[in-house]
Amino acid sequence: MSGAAKGTARTARQGVADARRIVVKVGSSSLTTAAGGLDADRVDALVDVLAKHRGGGAKEIVLVSSGAIAAGLAPLGLTRRPKDLARQQAAASVGQGLLVARYTASFARYGVRVGQILLTSDDMARRAHHRNASRTLDQLLAMGAFPVVNENDTVATDEIRFGDNDRLAALVAHLVHADLLVLLSDVDGLYDGNPAQPGTSRVAEVRGPADIAHVRIGSAGKAGVGTGGMVTKVEAASIAAAAGIPVVLTSASHAADALAARDTGTYFHPTGRRSADRLLWLQHASTPQGSITLDDGAVRAVVERHSSLLPAGIASVEGEFSAGDPVELRDGSGRAIARGLVNFDAKEIPQLIGRSTRELARELGPGYEREVVHRDDLVLLQA
């Protein structure tokens with residue numbers, strides 16, 4: 001790399017060097033053997049980097065760590081990750097205790113206490129749980145403890161196969177108002193092809209989707225014990241970047257270089273501004289409980305003018321939901337255009353369809369003179 005290029009890289013990564021609150025995510029393949037079971041040397045090597053970078057509290061770090069299922073394989077006599085949910089949950093139950101015990105022992109070498117937080121996507125989607133998780137993480141950091149977050153694989157259902165914690169890490173980074181997200185795996189960055197093949201090169205920086213439109217992104221981790229691949233990491237990086245958080249994607253062996261803002265891995269520039277917490281979880285963590293189809297005028301109002309959804313713009317409703325639940329807003333062709341928090345129960349909406357709020361207030365009372373989905377509780381899904 002030329003001197004000018006090095007200078008550009010340093011300038012681009014100034015946010016990395018200045019970051020005070022950091023979320024680091026590490027995948028199963030970086031902590032365990034291919035056969036299952038924790039690799040104590042790998043865990044200790046990662047902890048060495050994190051504890052030293054923490055600098056006695058000058059920096060605050062939250063670790064999102066996979067590895068519970070993989071750690072539980074060998075103790076249960078399993079030679080590979082099981083496909084059925086029940087045995088995955090059993091492996092997670094055994095492995096999670098081993099994982100946090102290993103971190104506790106390793107951080108103890110530096111006099112640092114470890115606090116464990118287990119989350120599911122449901123916790124991120126429910127605002128009360130979301131606030132509780134935020135307060136707990138903030139308090140742990142304020143008290144000098146080191147939070148270790150993992151998905152609660154022992155009770156998760158669909159979430160257990162989700163992203164090897166990559167998306168969870170992006171949501172946690174937003175939850176704690178992090179200045180930086182570092183995604184660690186077994187590959188030292190994003191490449192413009194299969195990194196095992198000659199002729200491919202590392203993508204040093206990503207300023208937006210156009211920079212990687214030509215990139216063929218693989219899906220499998222080479223260790224075979226995790227679920228996340230490069231696709232989920234790029235998606236997680238995009239979520240964080242869109243929320244104003246810079247991201248470094250690299251291998252666990254380059255963690256120290258990544259945190260020191262050296263030219264390693266792939267740096268994702270922030271592409272948006274930090275949004276309200278509820279909008280990020282609404283878009284990326286909530287599960288719609290039903291759907292509302294809009295007429296053409298309402299679609300234009302919501303998408304182009306960022307307006308609230310009024311009863312007059314509703315064409316039909318599907319599903320069973322209660323006021324406050326997330327619902328999908330669809331156009332006439334069935335395409336999801338937005339997601340929002342609905343202000344009415346599903347059974348109430350049919351009587352509202354196509355009617356003005358003023359008319360509804362006269363007939364049903366002042367409580368009906370309001371939006372079906374307020375624009376402050378609505379996020380667009382299509383550009």
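Which residues in helix 3 meet which residues in helix 5? Ala40, Val43, Asp44, Leu46, Val47, Leu50 and Ala51 in helix 3 meet Arg102, Tyr103, Ser106 and Phe107 in helix 5, where a contact means heavy atoms within 4.5 Å. By class, this contact of helix 3 with helix 5 has eight nonpolar, one polar and two charged residues. Here Ala, Val, Leu, Ile, Met, Phe, Trp, Tyr, Cys and Pro count as nonpolar, Asp, Glu, Lys and Arg as charged, and the others, Gly among them, as polar.

The model is predicted, so local features need pLDDT of at least 70 and side-chain atom pairs count only at pLDDT 80 or more, while totals for chains, interfaces and linings use all residues. Residues are numbered from 1 along each chain as its sequence is written, and side-chain values use heavy atoms, with hydrogens and water left out.

The protein chain has 13 helices and 13 strands; these are DSSP runs numbered from the N terminus, with helices (H or I) of at least four residues and strands (E) of at least two. Of its 383 residues, 50% count as buried. Buried means under 20% relative accessible area, exposed over 50%, and partly exposed in between, with a 1.4 Å probe and protein chains only. The chain exposes about 17,000 Å², and carbon and sulfur atoms supply 48% of that area, as given by the Shrake-Rupley method with a 1.4 Å probe. Among contacts in the chain with a separation of 6 or more, 73% are between residues 24 or more positions apart.

Axes are lines fitted to C-alpha atoms, for helices over the stretch in contact, and angles run from 0 to 180 degrees between N-to-C directions.

A second pair is helix 8 (166–175) and helix 9 (residues 230–242). Their packing angle is about 15 degrees and their axes are 8 Å apart, which makes helix 8 roughly parallel to helix 9. Asp166, Arg167 and Ala170 in helix 8 meet Thr232, Lys233, Ala236, Ile239 and Ala240 in helix 9. The residues of this contact divide into four nonpolar, one polar and three charged.

The loop between helix 8 and strand 5 (180–185) holds His177. Its phi is near 55 degrees, a positive value in a residue other than glycine. His177 counts as partly exposed because its relative accessibility is 42%. His306 also has a phi near 55 degrees, and is found in the loop between helix 12 (296–304) and strand 10 (314–319).

Two buried positions remain. Thr32, in the loop between strand 1 (21–26) and helix 3, is buried with a relative accessible area of 2%. The C-alpha atoms of Thr32 and Ala71 are separated by 6.8 Å, although the residues are 39 apart along the chain. Ala338 belongs to strand 12 (residues 336–341) and counts as buried at 0% relative accessibility. Not counting residues up to four places away in sequence, Ala338 touches Val302, Val327, Glu328, Leu329, Leu378, Val379, Leu380 and Leu381.

Terms used: Parallel < 35°, antiparallel > 145°, perpendicular 65-115°, else oblique.
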